[in-house]
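Hello,

Here is the structure I promised to pass on. Please open it first, then read my notes below.

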Amino acid sequence: MTNYFRSAHIAFCSLAAACFSLVSPALAQEESPQATPAEILAAAPAEHWLPIPLTDLMILTLPDAPDGTKRQAVIQLLPANLSGGHVRNVRTLARTRWWDGTKIYRVARDFVTQFGGNPDAKTPPKSLETVPESEYFNQALGAKRDTDMAALKAAVDYSNHYQGTEIEPLMTMIYENMGAQTVGFGGGWPIGSQTIDGETKYYPLTCRGSLSPAHYDPPDTGSGAEMSVITGEAARSLDTTFGMVGRVIDGLAHLQNLPLGTDPGGFYADKSEYIRIQSIRLASELPLAEQPSYEYLASYSPALLQFIEAHGGYGNICTVPVPIRKVSQ
């Protein structure tokens, strides 16, 4: 165990040096004008932009808008090692093209856009798993969060000590007021934790853009056939009440700016109002020319702190989303 912590310390110090070797000196000078969020991202070292695996991407396509605009949303799924049965079910549903032709039947302002099998009573694939509530949590999320946050702290401490910068620790810039005891970023994901029955449990936070399985009363957790896209911060109340399988990283407006449902809860009052889903595909199954490529800013990058601070640094951890950018292939 001693050797493990010594190795981790060496790794963090090495990362700290790498993190700040390319940071612009201008960012450390108090008299310089504060950089804008766009300038901070442009100055972030190239190696701090990490690729999102193609196998974690999924494309939701709606019919073209009345004006001819193409309507697609790109969804990033939680990686296999940070998730469980719900994500496996989602991959199965996409791979079997089960969602094709299903409907969006609920659009609630600043809350959710909901779609899937309920209105059509479509028979789901037999291979779907029954997912227990325990899979709302994943210890690997906590390990990844703690590793990335320790590396970030080491980088900040290194810069403050050796380069005279005054970069504030992440958790003094973000206060958490939605129930989680400790929050942080791991692998580009916002992650919270709670102590339940004496055990610390970790879970992905339900931020704006999150994709969560709809379900009925507990212990039902849903299969993933019916899904909700979170369109407002108020949905943080769904943390650990619903699963979380991924997030929309591009094209959220196509799912948010739809006609609002007029029935209670934002449901469409008449089936004629339903919006047909043309297709949902795993990006890895698309033709090569259509496969998208995205990168995210590493959770251990000091540029993440500077980016949050440039937005004011106030709110909860979901207020400023993790920077993600589309890249040309």
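Accessible areas here come from the Shrake-Rupley method with a 1.4 Å probe. By that method, the protein chain has an accessible surface of about 15700 Å². Carbon and sulfur atoms account for 53% of that surface. Keep in mind that this is a predicted model.

The overall picture comes next. The protein chain holds seven helices and 15 strands. It has 329 residues, and 50% of them count as buried. Take the contacts between residues at least 6 apart in sequence: 74% of these join residues at least 24 apart.

Now for confidence. Mean pLDDT for the protein chain is 87. A value of 70 or more is reached by 87% of the residues. Residues 1-12 fall below 50, and this stretch has four contacts in the model beyond near neighbours in sequence. Residues 20-30 also stay under 50. For residues 20-30, the model has 14 contacts beyond four places in sequence. Where pLDDT is low, the predicted coordinates should not be read in detail.

Is S299 buried or exposed? S299 is buried, because its relative accessible area is 2%, and buried means under 20%.

What does the side chain of S299 reach? It comes to 3.4 Å from the backbone nitrogen of G187. Leaving out residues up to four places away in sequence, S299 touches D148, M149, L152, F185, G186, G187, G188 and L304.

Best wishes

Notes
Residues are numbered from 1 along each chain as its sequence is written. This is a predicted model: local features need pLDDT of at least 70, side-chain atom pairs count only at pLDDT 80 or more; totals for chains, interfaces and linings use all residues. Side-chain values use heavy atoms; hydrogens and water are left out. Buried means under 20% relative accessible area, exposed over 50%, partly exposed in between (1.4 Å probe, protein chains only). A polar contact is a pair of N or O atoms within 3.5 Å; within protein, one must be able to donate a hydrogen and the other to accept it, and residues adjacent in sequence count only if both atoms are side-chain atoms. Contact means heavy atoms within 4.5 Å. Helices (H or I, at least four residues) and strands (E, at least two) are DSSP runs, numbered from the N terminus. pLDDT is the predictor's confidence in each residue, from 0 to 100.
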